[in-house]
Amino acid sequence: MSKLYPGATGNWEAVIGLEVHAQVISESKLFSGSATAFGAEPNTQVSFVCSAQPGMLPVINQECVRQAVRTGLAMGCQINLRSVFDRKNYFYADLPQGYQISQFKDPIVGEGIVNIELEDGSNKDIGVERLHLEQDAGKSMHDQHPTMTYVDLNRSGVALMEIVSKPEMSTPEEAAEYFKKIRSLVRYAGTCDGNMDQGSMRADVNVSVRRPGEELGTRTETKNVNSIRYVMQVVESEIRRQIDVIEDGGRINQETRLFEVATGTTRTMRSKEEAHDYRYFPDPDLLPLEFSQQFVDDLAKDMPELSDAKKKRFISDLHITPYNAGVLVAEKESADYFEALLSATVEKSEKPTSELGSLVSNWVTGDLFGALNKLGIGITSSPVSISHAAELLSLQIDGTISGRIAKEVFENMLESGKSPEIIVEEKGLKQVSDTGEIEAMIDEILANNVDKVEEYRGGKSKLFGFFVGQVMQKTQGKANPQVVNQLLKPKLDD
Amino acid sequence: MRDLTKLTLSAARDALHKKDISAAELTEAHLRAIDDASELNAYIEVTADKAMDMAVGADKMINAGNAHGMTGIPIGIKDLYCTKGVHSQSSSHILDGFKPEYESTVTSNLWADGAVMLGKTNQDEFAMGSSNENSHYGPVKNPWRADKKNGDLSDKNTVPGGSSGGSAAAVAADTSIAATGTDTGGSIRQPASFTGLVGLKPTYGRCSRWGMIAFASSLDQAGPLTKTVRDAAIMMESMAGYDPKDSTSTNIPVPNYEAALTGDIRGLKVGIPREYRVDGMPNGIETLWSQGIDWLKDAGAEIIDISLPHTKYALPTYYIVAPAECSSNLARYDGVKYGLRVNGDSLDDMYKKTRAAGFGDEVKRRILIGTYVLSAGYYDAYYLKAQRVRTLIANDFKLAYEKCDVILTPTAPSAAFNLGEKVSDPLSMYLNDVFTVPASLAGLPGISVPAGLNSQGLPLGLQLIGQAFGEEQLLAVADVLECAAGFKAKPKKWWGDKS
């Protein structure tokens, strides 16, 4: 049952589909040997082919083909052993060929399913319609000269994957979660870096509304939305706008819209009447793209573990809570950090992996993420190295310091960057586990608090904590709480 | 001193290898002939200095014992080929001033073998035309003129055919030993027929298209225009080859084509397609075709009647497929990056003004046709249907080759016509390609061999169509046909120094 949106005349439901454009990670462009690095000086990564010099011909980059297949496999999609490159014809100054080489009728990747998890813990399958390879265009710069437009062709010909969903989402949250999931999948598969601020990933958002259960309404397409938050804003504002237009007696035009960040709403870019006739036809410069099932199988064999599988493994093998596992696998870097830390901690503490998963995951998702959030930085720029973190956790595991002291040491590590062993040493934070020393302390405390001892023995068992606290105070928190418990209990119960 | 410009390629090669002549003197002789024949308008640009440098280099190769078949042979290069730092505009105004930073694969192959570039030859703009009247640089005049009734030479100019008309005229007038052409629907074979030359279009994929300014990518092929079949074999071997930069080129080794000219075609089956007997074909052509059949029969070949039932659809199919591809291929000429730009009030206005000024009428006509047939709502009825018919045409040939080895037809339905005669009637112009287009659509090799003169003394060619990558057999039959026809006629000189 999809979510309903109340209007003045009754309830509506929304139908949402996403076309995600993801830039392929590859050394060179889709049909030429030019480099693809981001941020190079304008027009320094341009070959004769990607500037459309007369007589130049495209040659498919096999690595881009492999990346598209890997992405298809990551989404559980049908891989098409034969696909065709078509020309999409239109004129624009940053499209030097006068056409974009894309795949229209026969894409390299067919249908698949992506599972998303929603905030209430429920799951939903979203269908993937297809994935096809295409060239990016160059960049027009309108702000360099009062009357002229400058063109940078560095991006011209860079390989993009267009991943088209089925219209199976019905809320802004689902659209956002789907977009996030696609981003996570391509990043795990190593096929797109997902850097939206560098233009490596963007979405065209299709939205329509209808009365529950009725035929599909007319959709609008909002182009080039480049953040997860903006996708939600586009969906929200389009649903609202479309309901208002229809309820006011108007009609939705099938059109292309633009998102305006300042207002968080969309506006008309071009109507259906102004839409291009792209005159798609098979590119006669390229043969159909054909490969064997063996080629696909070999790529499948070498696929890295993806987030869903990783999460399952974390829960079943490492005994991590589903919540923590979900948090850890959401970003590939978090999962990588966690796994590296876990194995470093196993090595240092010589305890089995299965015993440490829970502790390490709690520390990463709690202490570390909390600190990084406060600092406003991501896991890849964490000021605490894996080896220092493993040292800290091992000190806790072998009883050198207590959990409370560990937090204190961690604070210090963030500030000083020093190793936890040095901090513990310098500050004398080693836990006291010497039973003789602690026993003497307990005896002294019991002797000084005869009244409390009486009350405890009279049934006020809560006072046990008071005595523990006294010991901790005396040792400035360094007494091993387990040892304190073991010694205190028999003395009080006597 | 003998006139070095009268040498065939093979004779020049032999003389060069024996050091009877030098590449430098051979080149000088041709440069003088080019000067003398400037009124033919066969060359757009003469690269005399470059030619002499290359000739000196060729002589060094020969002296060092590194001579190939093409070493020291001065040739013309169709303007459509990109030649580094040299005029390469496919005879279009829209590429004004364009000089590529790269060398086409085919010309690179020729230069690597020591061939000498005399200059860039005129052509129909973007290879669109059958008379070489569609060039921004003006029409090319065919060295051949008709005889008047009294035996005098007419003062009317004829067309050299097209689109490789400049290359054809250059060779026919002995201003180059051979020349490169390109053939999309007949652009090598038809001019060869009009100028008394041999013109070979190899199998699609035999030569690299890299660096050839595209007209219709699925049809364009490079090939030579030469004085003899042997010359064509020598030059083809140098031009051909697999090129990883052209995804449509085929990775098959290039054979020694000249070695295939054994003179022996006994037992070979020659197919005669009944559908090529078209209404209104001049008697002279009909007669010549029959004669060709007899010549091959006399040489021991078996003549077999065959049917290519979809032949009548070839021309309409071609005039959908080729314009469709050209409408897209020529989109890059937009005034933004190179060549002509006519400024406008907006980007769209600049496009309109640039393309209106830069393209000639025939190119515009084909861009319009191509845009139309690819448009939404028309694609299935035109482009898709044309592709299906193309498959049927290819299949016709496949079935025919179960019965025969090569096919003999006329090259063109007429001899060279007068300059200006058909320029305002595009449909009758398109009919020039009626016999050459089917092989183009099927990707098959075809060769035009000069076989006789018509009643007005103008040359006529016969076409042989071979099987895919069957150039050796094709050349072998062409060699026998050439020998039997004994075509030795030369155009009577009416241009330049008549002494």
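**Cores, a helix and the chain contact**

User: Which residues touch the most other members of the largest nonpolar core?

Analyst: The model is a predicted one. Its largest nonpolar core has 150 residues, and H9(B) provides the largest share of this core, 9 residues. The residues that touch the most other members are Ile75(B), Val116(B), Leu464(B) and Leu481(B).

User: What arc do the buried residues of H14(A) cover around the axis?

Analyst: Helix H14 of chain A spans residues 464-474, and its buried residues are Phe467(A), Gln470(A) and Val471(A). An α-helix has 3.6 residues a turn, so residues three or four places apart point the same way.

User: Which exposed residues does the face of H14(A) turned away from its buried side carry?

Analyst: The buried residues of H14(A) pack against helices H12 (435-448) and H15 (481-493) of chain A. On the face turned away from that buried side, the exposed residues are Gly465(A), Gly469(A) and Gln473(A).

User: Which helix gives the most to the side of chain B that touches chain A?

Analyst: In the contact between the chains, 35 residues of chain B meet 23 residues of chain A. Helices H9 (314-329), H10 (347-358) and H11 (361-374) of chain B each supply at least two residues of that side of chain B. The one that gives the most, with 3 residues, is H9(B).

Terms used
Residues numbered from 1 in each chain as written. Chains lettered and ligands numbered in written order. Predicted model: local features only at pLDDT ≥ 70, side-chain atom pairs only at ≥ 80, totals over all residues. Contact = placed C-beta atoms within 7 Å. Helix = DSSP H or I, 4+ residues; strand = E, 2+ residues; numbered from the N terminus. Core = buried A, V, L, I, M, F, W, Y, C linked by C-beta atoms within 7 Å. Buried ≥ 20, exposed ≤ 12 C-beta atoms within 10 Å, placed from the backbone.
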